[in-house]
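Subject: Two-chain model, handover and notes

Hello,

Here is the structure you were waiting for. My notes on it follow below.

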Amino acid sequence: MLAQQLLNGLVVSGVYALFSLGFTLVFGIQRILNLAHGAIFMTGAMVAFYTVKGGGPLWLGFILAILASGALSVLVEIVCFRRLRKTGDEEFGGIISSIGAGLVITTIAQQVSSTQVLRFPFETFPVVIFKFWGLRVSMLQLFMAGAAIILVLILGYYVYRTAFGRRIRAVTDNEHAAMLMGINPNFVYSQTYFLAGALAGAAGVLVGLAFNSITFLMGEPYLMFAFAIIILGGLGSIPGALLASLVFGMVQTLTIAYLPSGLTDTIIFASLFLILLVRPHGILGKEDAGNLRGRR
Amino acid sequence: MLEVRDLKVSYSGIQALRGVSMNVSSGETVALIGPNGAGKSSLLNTISGIVRPESGSVMFEAGDITGARAWVVTKAGVLQVPEGRKVFGEMTVLENLQVGETALHGRAPTYRLQDVFDVFPILQERREQRAGSLSGGQQQMLVIARALMGGPRLLLLDEPSLGLAPVIISQVFDALAELKAQGLTILLVEQNAHLALTASDRAYVIEQGRIMKSGASMDLAKDPEVTALYLGQE
């Protein structure tokens, strides 16, 4: 039973990781909390749904969802944040402007979906259950876990092992010095937002498939959790977001399994407070993570 | 090689440069000296595209780089080593150097990793170490080395001695002398006038946004006014 729950927790953690990695990546590089991230996640699920509904295969829907969410995320950066950054007041302004972008996107989705709960046609994802060592694992769960792990590995490789990733980290570290080394920060921002949006979109498709329920507001609870996750992991920290996603996914799954389900969020957020009492900057956070001025 | 003509710059109403003209020829080391706030760093930042001028022009070789963005200026091979040792602290020494290669934009490198390690052997020892954990002097060496990886044709140095211990300063300036001997063209901003005049061929004295004096560094070092104002402690 416990092993089964741990396995389920792992799948949930993977989805949280995909969602919050992009959130923390964007925060790391621009010190902006992109509150439209939940709407971008939802867009991924919608794009996949309409692709399948239109007769396309699921893999095509998955790819289109990733591309569309990435592109939408880039658009949000250009429209909402780029001009704002020149004023030097983007921390607060960015929050407001991204709330606005999120509202625009969710309202469009509400219109498109006629405020309906959308469901993938039956057997869009084949229902196959594997049983081994007394565990029950659906093919969908395996696919979710596999997709999350592969995407996280791709992100890790991109950020930590390629010249592009070094540029992202250089701009994150010191934009001024990065510009003097020939890096065009706007190009780096676009790449970062694309990655963030693409991962969120992928997470949206996985969640849409798992619960077979897609609504225009589906991103909001995830945004709330991602907030807690990146604070817990340490703002802007990729390994921190991974670790915190694992903690959150596990705690959530285990409390649902063993405790009255109404207590789940209470326990999660209470544990957030407890951890922050001991580690005010998050598990892997740096002391100056939220300090925009000190970085320039 | 570098030709600055009648450059005027102001920030929020305060004029930092009031018509500065100067030039740097290939292979030279030129120093800009002057008091704090005289406009030395403004001049450097305008050349590298961090600050946009109100009027005037910056020509580099045949091209006009006036008001070009900082990353575009690097394409021409004009590379600034910013003040205050701005290493990418979370990245390793090696990764910092690899980021420097971005400034090549497809140009052929002039310094390869091994050449840079020959000038700064300590960086080879520390190559896998996080740049933020280096000492101040090592960080200064790293930012210079990082710029070298970008194939500089003109290296702009902003206050390389700032906040370093004398023994470290002389290490850094020994390295600069070595780079100069290898034929690198350098424009050096330095508050420590004695140091700047020793390390350079020619120098300009900037005060309140204007060039007050210029000439061979050896002559300026003997100039009574310069001696009184900037070399007083000597």
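How many residue pairs are in polar contact across the interface of chain B and chain A? The rule finds seven, counting pairs with both residues at pLDDT 80 or more. A polar contact here is a pair of N or O atoms within 3.5 Å; within protein, one must be able to donate a hydrogen and the other to accept it, and residues adjacent in sequence count only if both atoms are side-chain atoms.

Some conventions before the rest. This is a predicted model, in which local features need pLDDT of at least 70 and side-chain atom pairs count only at pLDDT 80 or more, while totals for chains, interfaces and linings use all residues. Residues are numbered from 1 along each chain as its sequence is written, chains are lettered from A and ligands numbered from 1 in the order in which they are written, and side-chain values use heavy atoms, with hydrogens and water left out.

The interface

On the chain B side, 23 residues are in contact (heavy atoms within 4.5 Å) with 18 residues of chain A. The two chains bury about 1900 Å² between them, 66% of it on carbon and sulfur atoms; buried area is the accessible area (1.4 Å probe) that two parts lose on being put together, summed over both.

The rule finds one salt bridge across this interface, a salt bridge being a side-chain nitrogen of Lys or Arg within 4 Å of a carboxyl oxygen of Asp or Glu. B:Glu95 pairs with A:Arg169 in a salt bridge, with 2.9 Å between the closest N and O atoms.

Four helices and strands of chain B, namely α2 (70-73), β6 (78-81), α3 (93-100) and α6 (136-149), each supply at least two residues of the side that touches chain A. Helices (H or I, at least four residues) and strands (E, at least two) are DSSP runs, numbered from the N terminus. The most comes from α3(B), with four residues.

The chains

Chain B has 10 helices and 10 strands. Its radius of gyration is 17 Å, close to the 17 Å that the globule rule gives for 234 residues, so chain B is as compact as a globular protein of that length. The radius is taken over C-alpha atoms, and the globule rule is 2.2 Å times the number of residues to the power 0.38.

Chain A has 11 helices and two strands. Along its principal axes the C-alpha trace of chain A spans about 55 × 45 × 35 Å.

Confidence

Mean pLDDT (the predictor's confidence in each residue, from 0 to 100) is 89 for chain A, and 96% of its residues reach 70 or more. Over residues 290-296 of chain A the pLDDT is below 50, and this stretch has 19 contacts in the model beyond near neighbours in sequence.

One local detail

B:Gly215 lies in strand β10 (residues 210-216) of chain B. Its C-alpha atom is 5.8 Å from that of B:Ala203, 12 residues apart along the chain.

Regards
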